[in-house]
Amino acid sequence: MAPRGATGPASAMTRRGATDPAGAVAPGGATDAAGATDPAGAVGAPAIPVFLYHAVMDDPPGWIAEFTVTPREFAAHLDAVVDSGRTPVTISTIADHLAGRAPLPPRPVLLTFDDGFADLPGPTAEALAGRGLPATAYLTTGAIAPGGRSLLPPAPMMTLDRAAELERSGMEVGSHTVTHAQLDTLSGKDLAYELRSSKAVLEDALGHEIRHLAYPHGYNSPRVRAMSARAGYETATAVRHALSSDRDERYRIARLIVRRSHTVADVESWLAGAGARVAPYRDGPKTIAWRWYRRARAVVRGPEFAG
Ligand SMILES: [Zn+2]
């Protein structure tokens, strides 16, 4: 299938800033009201931090360790979220705003969890629910369904039959594809399978429509974004290592990966709307060059885990 390019859904958002300076916002005290802006980003848009967590455990497998936080650090992060006075929401609240159905609450924040590691329906859900924090879980169905298969290396994963528990504890469930493939390297047929089958499996398990998607590794393209819309998703989250905003792109919502090396101070800085640039913004030359290198390399070998 040909890319839809400029007619794709992601292009509906106004792009701002033709240049691409380094432009990270100076941390420390910038408030949303003050703009927390990036000269090449969403000028004046209130920053919305969308945190991306993976496993929360003390002894993760090596491949995911970089993207794992300990339960103790996680608790400190959640306390920082509570103390920030931000309004925790799930992805549907952002979708309602981007579709013009409902206004955003003041100073929203999103907590998202990708892949479906074993801690999610257990201690992680309890830590969230204990603080009254809603969250969004994007599940890789091939990694959690009976007899499923995914590209993720071995790790303790949750099981699909516990997805309903996530919802009961206050999480919204979205899709993270079937196999965790790099979607922008797939044929049209394989891409459709990843998008549609994961959606159907989650809908069967939960008994309602699944409206939201997270791209494995954050990787996407105009074609992937258009196909995601066609498969029935209303939003899709990427990675981008940036703050989102109230005018972010529906099919490329920016998230901040929380790494093992991040501190509570980093989390507090993001919660203050600082410490990262604000999406939407144009990809810089380095991002574009990396994308083409990675797509070429994907033909030869699989991806390195990047979310
Ligand atoms: Zn993932």
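Author: Happy to! Let's start with a term: two residues are in contact if their C-beta atoms, placed from the backbone, lie within 7 Å. With that in hand, among contacts in the protein between residues at least 6 apart in sequence, 70% join residues at least 24 apart. Do keep in mind that this is a predicted model.

Now to the helix pair. Helix α2 spans residues 71–83 and helix α4 spans residues 120–130; their axes lie 10 Å apart and form an angle of about 25°. Angles under 35 degrees count as roughly parallel, so α2 is roughly parallel to α4. The crossing of α2 past α4 is right-handed. On the α2 side, the contact is made by Pro 71, Phe 74, Ala 75 and Leu 78, and α4 brings Pro 123, Ala 127 and Leu 128 to meet them. Sorted by class, this contact of α2 with α4 has 7 nonpolar residues, with no polar and no charged ones.

Stepping back to the whole protein, there are 10 helices and 10 strands, and buried residues account for 48% of its 307 residues. The largest nonpolar core holds 77 residues. Those with the most contacts inside that core include Phe 51, Leu 243 and Leu 256.

Key. Residues numbered from 1 in each chain as written. Predicted model: local features only at pLDDT ≥ 70, side-chain atom pairs only at ≥ 80, totals over all residues. Core = buried A, V, L, I, M, F, W, Y, C linked by C-beta atoms within 7 Å. Buried ≥ 20, exposed ≤ 12 C-beta atoms within 10 Å, placed from the backbone. Axes fitted to C-alpha atoms, helices over the stretch in contact; angles between N-to-C directions. Helix = DSSP H or I, 4+ residues; strand = E, 2+ residues; numbered from the N terminus. Parallel < 35°, antiparallel > 145°, perpendicular 65-115°, else oblique. Left-handed = near helix turned anticlockwise from the far one by under 90°. Nonpolar A, V, L, I, M, F, W, Y, C, P; charged D, E, K, R; others polar.
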